[in-house]
Amino acid sequence: MKPAEAQIWDWLDAVPDPEIPVISVVDLGIVRGVAWEGDTLEVAVTPTYSGCPATSIISLDIETALHDRGIKDVRVKTQISPPWTTDWLSDKGRAKLIDYGIAPPRAAGGPECCPRCKSTNVTRISQFGSTPCKAQWRCADCLEPFDYFKCI
Amino acid sequence: MADVTQEQLFEFLCRMGDNTLVLGHRVSEWCGHAPVLEEDIALANTALDLIGQTQMWLGLAGEVEGKGRTADDIAMLRDVWDFRNVLLAEQPNGDFGQTMMRQFLFDAWHLAMLTALTKSTHEQIAAIAAKAVKEVQYHVERSGETVIGLGDGTSESHKRMQDALDLLWPYVGEMFVSDAIDDAMAAAGIAPDLADLRAQYDAHVTPVLAEATLMIPEGGFAHKGGKTGFQHTEHLGHLLTQMQWLQRAYPGATW
């Protein structure tokens, strides 16, 4: 019997993002669809950034996770349209980012507060950070630098 | 609406992909060498975005061509005369200021071009543009701010930025010159009329350079020949010896 799509979404929600392992690929909003085509499960994945080196690892991790659940034929297809947006981050994912020390994206273009001490006295160091999806900010009160998941 | 031939479409896609490939490689040359860590990271991220965009453009070019070539084949197994990037993209890095000036002059064009391409009648081209334009907005924000910071900085940084502008400005014109390929793309609604982008470009670039206290050189002379493949500058061949070294020394190598 083929597992239901809702079940597959649950399983995918247990596949961590390789760069930010506290959130899942579903939290990240990059899994765009799951559908059976005959006995093949097709998973549509959209890249975060065009050159993000994690993209191929993510596809591999998704295949591995579904194989482990007994699904033999998995086809991960890349879907670039509509382009990924940080609006697709789940609320659960946003909360986990804060716990992990990464400020989640905001329409205002900067973090609401320092993820460590919650001060709003923060300044931008650079719009580019340790991964394509992050910017570097600094808290002027606790003096710690931190990552901000920038809007795109 | 007019039709385009497969050859014309392939040519157009190589122009888009070679711009991002060659500039992406140039920018990646800074990795580990930038003046401060934050700039090193920003340059590497910019290069990564450009190389990622290259995979989409040249991947589609390979599909359109229909000879089974992948993006990697097209990027790594062609020689200088088959490259279709504008001359600006292949110019050497120079100092950090010159790199950032080249980036800004390209980014402003790239933003205008991609914005127009999001409305392309070609569905896959519109999709690639919609993806890439979001990344390029961050590129141009940074390159513009850096040009202002260094241009309106110390007398030394100002002088270097003015030298960079004087050197690179004659390469700007090529990005707006149309040939038969561009005309065919515009007629089919696949790409904009390049001349139409110029006003938008000037409206973006002129105030940034003014705020940077830099003088745009007089005269409309433009170095040309990169995107048509007529004649690249000497620099492209040297770049390819680095970029393609592995595939040339060990053809078909994988790891």
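This is a predicted model: local features need pLDDT of at least 70, side-chain atom pairs count only at pLDDT 80 or more; totals for chains, interfaces and linings use all residues.
Residues are numbered from 1 along each chain as its sequence is written, chains are lettered from A and ligands numbered from 1 in the order in which they are written, and side-chain values use heavy atoms, with hydrogens and water left out.

**View 1. Chain A at a glance.** Along the principal axes, the C-alpha atoms fill a box of roughly 55 × 25 × 20 Å. Chain A has 152 residues, and 49% of them count as buried; buried means under 20% relative accessible area, exposed over 50%, and partly exposed in between, with a 1.4 Å probe and protein chains only. Take the contacts (heavy atoms within 4.5 Å) between residues at least 6 apart in sequence: 54% of them join residues at least 24 apart.

**View 2. The four-stranded sheet of chain A.** Which strands form this open sheet, and in what order? They are β4-β7-β6-β5, and the pairing is mixed. Two strands pair if DSSP finds at least two bridges between them. At the edges stand β4 (102-103) and β5 (122-126), each with a single partner strand, so one side of each is left without a neighbour in the sheet. To follow the parallel pairing, look at β4(A) and β7 (residues 145-149), which share two bridges. There you can find A:A103 opposite A:Y148.

**View 3. Strand β6 of chain A and its partners.** Strand β6 covers residues 134-139, and five of its six residues are buried, so it is largely enclosed by the rest of the structure. With β5(A) it runs antiparallel, joined by four bridges; A:R124 has A:W137 as its bridge partner in β6(A). With β7(A), strand β6(A) also pairs in the antiparallel sense, over five bridges. One pair to look for is A:K134 with A:F149.

**View 4. The hairpin turn at A:L143.** Between β6(A) and β7(A), the hairpin has five residues. A:L143 sits in this loop and has a positive phi of about 65 degrees although it is not a glycine. Is A:L143 buried or exposed? Its relative accessibility is 61%, so it counts as exposed.

View 5. A:A54 belongs to helix α2, residues 54-68. At 7% relative accessibility, A:A54 counts as buried. Which residues touch A:A54, once its neighbours within four places in sequence are left aside? They are A:P18 and A:E19. A:E19 is 35 residues away along the chain, yet the two C-alpha atoms are separated by 7.1 Å.

View 6. A:D73 lies in β3, residues 73-78, and counts as partly exposed at 40% relative accessibility. Beyond its neighbours within four places in sequence, A:D73 is in contact with A:D39, A:T40 and A:L41. The C-alpha atoms of A:D73 and A:T85 are 29 Å apart, although 12 residues separate them along the chain. In the loop between β3 and α3 (91-100) you will find A:P82. A cis peptide bond joins A:S81 to A:P82, with omega about -5 degrees.

**View 7. Helix α1 of chain B.** Now move to chain B, where α1 (residues 6-28) has 23 residues and reaches 32 Å from its first C-alpha to its last. That is close to the expected 33 Å, where the expected span is 1.5 Å times one less than the number of residues. Helix α1(B) is mostly covered, with 19 of its 23 residues buried.

**View 8. Two loop residues of chain B.** B:R78 is in the loop between α3 (71-76) and α4 (87-90), and at 4% relative accessibility it counts as buried. Leaving aside neighbours within four places in sequence, the contacts of B:R78 include B:C14, B:D18, B:D73 and B:R248. B:T213 lies in the loop between α9 (194-211) and α10 (234-243). Its phi is near 60 degrees, a positive value in a residue other than glycine, and at 39% relative accessibility B:T213 counts as partly exposed.
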